[in-house]
Amino acid sequence: MKKTMFTILVLVISLLFVSTHLVERVSADSSSIQIDGNFNDWDNVPGTQLNSSQPADINGTQTDFQRDIKLSYDEDYIYVYIDSWYDLNADMSNHFSTLDKYANFHQQYYIFIDGKPYQIQLGNGTVTNGEGHAFSVDVSQAFGDWQHLVHDTQGGYVDVETVKGDESKFKYVYEFRISRKDLAVTIPENSEISLTSSGEYDDFEGKDGQYFKGKASITYVGASSGPWIIAFLGLLIAFFGYRLRLKRQTKEKNTGA
Amino acid sequence: MLMKTIILIVVLLWIYSLSVFKRAKLDAFYFLMGSLGLFIVLVLWSKPYAIWLFSTIMTWGVGLVGDFFGIFSTLPLGHVIQVLYHERIILMNVDYECSGIVETAAFVSLISFYPVFKVQQRLWLALTGVAFIFAANIVRLTFVATSLHLFGSDSFFLAHSILGRLLFYVLMLTFYFTIFTRGQLIQVASQNRETT
């Protein structure tokens, strides 16, 4: 008896204190997507291909000039991935100042959470071909009071590289995150999170943005699955089963006697 | 630290009350106090520490089914199930309530103090229960994700809150019934046969 009680006590205390250290250590760096310039963690995320609102080449052709945009989230962050490529023959002076593949990645986007707009400002900086660069991410409330909500100094990463098989083009890939806690917004069930690059202050969504046309969006769904009910029903069934067993045992003993 | 100290004191009181019920041979009270106490301890423990682990394993398990059928994909570390409905991307989060942790804690608590089974039987049944709840939850989440893939986010309420829940409840109640009533009645019958 004492041995059993002692075992329970040891087990419970071990569970509480050992797991504290183990699980905290494992889950500390458990974001679904790491902002580190390694884009492999986006491989499994479905994306949206949108046409760019800027010409792909000097003639204004937009053939095959697309941006692959991916959105995701977890309990801590909303994540954005933008993959696009440019033709070096194009007049892209606002992005690439010289032909030695030198890119300025200072850009602005808008994110809508259940229809509410937020402006995203990517930090200043330049990056050369084959190199990566971390940048800061700032987010402000885009309507009403212009309230600055998020400043994440290591919130984004950009990488620039030549497109394989076509040295006249090169692509740059962004990934950045927005802290849900700093944003202080509850994402309602069955709501939409979308990204645009529209600079218009009225009717943000649906307009051709500065960098791409339209919007990339995800729909968040969620609801309680009611686990407490099944836990309670389990207790009832177990108790009912135990009562049934006692009755049956008594009955069979009486019959036997 | 204060929280841990409080939990420790409550655990000590709980263990003392268990020893009282055991010595007084009040099996029903021992079972109720034991299973409820362990359930509360497991739920308190799981809130800060085990949710991440359960949600990750559950999302990974659902992801295996999704990858096999090619209907949906998952991000296990983010606890996200990603479903493509035509051109739309629907994300579903495997959170605390969805992870199966409450049901698992409830079953383990009940089986740990159920006065019928021997220690070895309890251990095997607990393991079987954990595996069954895991599998049943995968079936439920696969059903919800498949509905989203076929009918879009408008079907979510019906698929998740009604049909999915119903499916899970039927599976769980069948399991509980098998373990706590049918299983032990068979055991009683065989015990009586042995004694006669």
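Partly exposed denotes a relative accessible area between the limits for buried, under 20%, and exposed, over 50%. The legends below refer to a predicted model.

**View 1. Salt bridge between A:K215 and A:E192**.
The side chains of A:K215 and A:E192 form a salt bridge with an N to O distance of 3.2 Å. A:K215 belongs to the loop between β11 (191–196) and β12 (216–221) of chain A, whereas A:E192 is part of strand β11 of chain A. The two residues are 23 residues apart, and their pairing links distant parts of the chain. A:K215 has 32% relative accessibility and therefore counts as partly exposed. A:E192 is likewise partly exposed, its relative accessible area being 24%.

**View 2. Salt bridge between A:R177 and A:D152**.
In this pair the closest N and O atoms, from A:R177 and A:D152, are 2.9 Å apart. A:R177 counts as buried because its relative accessibility is 19%, under the 20% limit. A:D152 is also buried, with a relative accessible area of 13%. Over all chains, the count of salt bridges comes to two.

With 18% relative accessibility, A:Q141 counts as buried. When neighbours within four places in sequence are left aside, A:Q141 is in contact with A:K116, A:P117 and A:Y118, and also with A:W146, A:Q147 and A:L149.

**View 3. Helix α4 of chain B and the residue that follows**.
Helix α4 of chain B comprises 33 residues, 119–151. From its first C-alpha to its last, the helix reaches 47 Å, close to the 48 Å expected at 1.5 Å a residue. After α4(B) comes B:G152, which has a positive phi near 85°.

**View 4. Nonpolar surface patch of chain B**.
B:F157, B:L158, B:I162, B:L163, B:L166 and B:V170 form a nonpolar patch on the surface. Together these residues have about 570 Å² of accessible area. One of them, B:L163, is placed in helix α5 (residues 156–195) of chain B. The relative accessible area of B:L163 is 37%, and this residue is therefore partly exposed.

Notes: Residues numbered from 1 in each chain as written. Chains lettered and ligands numbered in written order. Predicted model: local features only at pLDDT ≥ 70, side-chain atom pairs only at ≥ 80, totals over all residues. Heavy atoms only, no water. Helix = DSSP H or I, 4+ residues; strand = E, 2+ residues; numbered from the N terminus. Expected span 1.5 Å × (residues − 1). Salt bridge = Lys/Arg side-chain N within 4 Å of Asp/Glu carboxyl O. Buried < 20%, exposed > 50% of the residue type's maximum accessible area, 1.4 Å probe, protein only. Patch = residues over 30% accessible without salt bridge, like charges linked within 9 Å, V, L, I, M, F, W, Y side chains within 5 Å. Areas by Shrake-Rupley, 256 points an atom, 1.4 Å probe, with all protein chains shown as cover. Contact = heavy atoms within 4.5 Å.
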